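User: I would like to learn how to read a few features of a model like this one. Please take them one at a time, general idea before the case.

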Amino acid sequence: MEKTLRDAAREYLVRYGGDTFPNLFTSAKGAIVRDDTGREILDFTSGQMCATIGHNHPAIVAAVHRAGETAFHFFSGMIPETVAQLAATVARDWMPAGLTKSIFVNTGSESNEIALRMAKMHKSGFEILAIGGSWHGVTSGAGSVSYASDRKGYGVPPAGVFVMPEPNAYRPYIAGMDAEQSALACLDIGLKMFDMASAGRPAAIIVEPVISAGGVLVPPKSYMQALRRAADARGMLLIFDEAQTAFGRIGYRSGSEYFGVTPDIMSVSKTLGGGLPLAAAITTPAIEQDVHEKGFTFYTSHVSDPLPATVGLAVLETIEREQLIERARTQGDYLRRGLLELQQRHEAIGDVRGLGLLLGVELVRDRETRQPFHELGALTTQRCFELGLSMNIRRRPERGSVWRIAPPLTVSNAEIDRAIAILDQALTESLEKVAKPAARAA
């Protein structure tokens with residue numbers, strides 16, 4: 001049967017990019033996924049960075065069951081009680097002061113489309129300033145402000161999209177400065193370029209508090225604070241895309257809390273649904289009132305659906321009850337220590353960075369030149385999977401070879417130890433493979 005289904009997958013599914021595996025997958029629990037051969041694999045990407053509290057957590061299973069006994073779906077104009085409850089919980093317990101008005105949809109792309117549409121309508125403008133290395137989605141507006149993936153071949157993007165260089169402490173654009181100086185210089189140059197090119201119709205600046213797909217880049221706090229001031233000075237809204245940083249993964253309620261900066265709109269997704277499609281855009285009452293009076297709509301078939309909202313409530317309750325924000329810090333520290341020990345043994349590990357349980361490990365050919373080691377990254381990622389560890393690696397030539405490591409917040413020390421051991425073995429074996437052709441060539 002498994003071969004028949006694998007053949008069916010090859011014959012009937014559209015290939016949609018990214019890492020794919022020859023096997024099919026059958027089940028998931030906690031930090032473990034199982035493939036169609038029965039093999040168990042440690043999942044250190046939490047699915048697609050979504051299974052924050054672990055795959056198929058009992059609280060999520062119970063929430064899905066409750067929704068099955070009440071309702072999965074309503075007419076979009078019928079607001080379910082559970083959606084009202086989720087909106088109140090998000091506003092009262094999770095958002096920075098002032099962000100109290102939520103709209104619940106399915107994906108991060110949608111939540112960013114909402115944020116961009118709100119900003120354009122509120123400001124009566126269309127110019128959006130984004131950050132290099134960013135990832136905000138694949139739909140038209142969200143894709144136009146994403147710079148961590150291919151932008152070629154999809155036609156003309158919306159007008160008014162601008163980009164400025166991202167703050168990258170390990171690969172600074174401007175040499176001779178420390179990380180903070182370089183970040184602020186990038187911001188200053190980017191803003192000057194925007195000001196020169198602007199047609200005078202600014203709307204928003206959009207940024208990930210941790211630039212994840214760009215290589216798990218954590219800007220200095222002063223950078224984010226300066227970004228807030230820059231938006232205010234230009235009459236622009238500040239949008240935080242917290243798909244990966246909200247609801248505990250980085251050891252804080254949000255990136256906004258960590259940086260001490262409150263955006264005008266926050267988009268959230270992955271970490272709210274716990275593996276089910278749930279996303280939201282949250283803004284202020286003043287912005288919501290203004291765009292409502294101007295005719296704002298985002299009326300989709302699955303806006304305010306009760307099933308994902310019920311699950312979202314269960315995810316937030318579980319994070320609180322199991323103290324997973326604190327656990328993200330302790331387990332993140334434990335994982336980071338293991339990665340730093342690996343760095344001492346493997347010269348190819350150039351940098352270890354990140355916050356909480358969102359960490360990046362950059363592979364280099366030489367620590368002095370910091371030349372990206374893409375061949376090693378590909379080999380090691382494949383070998384890790386063969387040994388029972390799944391991780392995501394960024395391998396765009398211009399951005400370095402960076403593992404994004406983001407296990408569930410429930411990950412145990414034993415699972416982390418096992419992952420570190422697999423990484424150690426995979427690096428050792430892959431380095432030997434890379435070295436042999438080089439030796440023969442010499």
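User: Where does Val216 lie?

Analyst: Helices (H or I, at least four residues) and strands (E, at least two) are DSSP runs, numbered from the N terminus. Val216 is in the loop between strand S7 (202–207) and helix H8. This is a predicted model, in which local features need pLDDT of at least 70 and side-chain atom pairs count only at pLDDT 80 or more, while totals for chains, interfaces and linings use all residues. Numbering runs from 1 along each chain as its sequence is written, and side-chain values use heavy atoms, with hydrogens and water left out.

User: What is the phi of Val216?

Analyst: Most residues other than glycine have a negative phi. Val216 is not a glycine, yet its phi is positive, about 55 degrees. Ser124 is another such case, with a positive phi near 50 degrees. Ser124 sits in the loop between helix H5 (108–123) and strand S5 (127–131).

User: Is Val216 buried or exposed?

Analyst: Buried means under 20% relative accessible area, exposed over 50%, and partly exposed in between (1.4 Å probe, protein chains only). Val216 has 0% relative accessibility, so it counts as buried. Ser124, at 45%, is partly exposed. Tyr223, in helix H8 (residues 221–233), is buried at 1%.

User: How is a salt bridge read, and how many does the structure hold?

Analyst: Side chains of opposite charge can pair when their charged atoms come close. The criterion is a side-chain nitrogen of Lys or Arg within 4 Å of a carboxyl oxygen of Asp or Glu. The structure holds 19 of these salt bridges. One of them joins Asp7 to Arg10, with the closest N and O atoms 2.2 Å apart.

User: Where in the fold are Asp7 and Arg10?

Analyst: Asp7 and Arg10 belong to helix H1 (residues 2–12), and because they are three residues apart, about one helical turn separates them. Asp7 is partly exposed at 28% relative accessibility, whereas Arg10 is exposed at 59%. Helix H7 (residues 179–197) holds Lys192 and Asp188, four residues apart, about one turn of the helix. The salt bridge between Lys192 and Asp188 has its closest N and O atoms 3.1 Å apart. Asp188 is partly exposed, at 36%.

User: Which side chain does Asp424 meet in a salt bridge?

Analyst: Asp424 meets Arg345, at 3.1 Å from N to O. Asp424 lies in helix H15 (residues 413–441) and Arg345 in helix H13 (residues 324–345), so this pair ties together parts that are 79 residues apart in sequence. Asp424, at 21% relative accessibility, is partly exposed, and Arg345 is also partly exposed, at 48%. Salt bridges can also be linked in a network, as they are for Arg171, Asp351, Arg353 and Glu362.

User: What is the nearest side chain of opposite charge to Arg404?

Analyst: For charge, Lys and Arg count as positive and Asp and Glu as negative; His and the chain ends are not counted. For Arg404 the nearest opposite charge is Glu208, 6.4 Å away, and Arg404 is buried with no salt bridge. Arg404 is placed in strand S16 (residues 401–405).

User: Which side chain makes a polar contact with Arg404?

Analyst: A polar contact is a pair of N or O atoms within 3.5 Å; within protein, one must be able to donate a hydrogen and the other to accept it, and residues adjacent in sequence count only if both atoms are side-chain atoms. The side chain of Arg404 makes one with the side chain of Ser212, at 2.9 Å. Ile405 is also in strand S16 and is buried, at 0% relative accessibility.

User: Which residues lie nearest the centre of the second largest pocket?

Analyst: On a 1 Å grid over the protein atoms alone, a pocket is an open set of points where a 1.4 Å probe fits, with protein on both sides within 12 Å along at least five of seven lines; lining residues have an atom within 4 Å of a point. Here 23 residues line the second largest pocket, and those nearest its centre are Ile79, Ser102, Ile103, Glu288 and Ser304. Helix H4 (81–94), strand S4 (101–105) and helix H11 (285–293) each supply at least two lining residues. H4 gives the most, with five.
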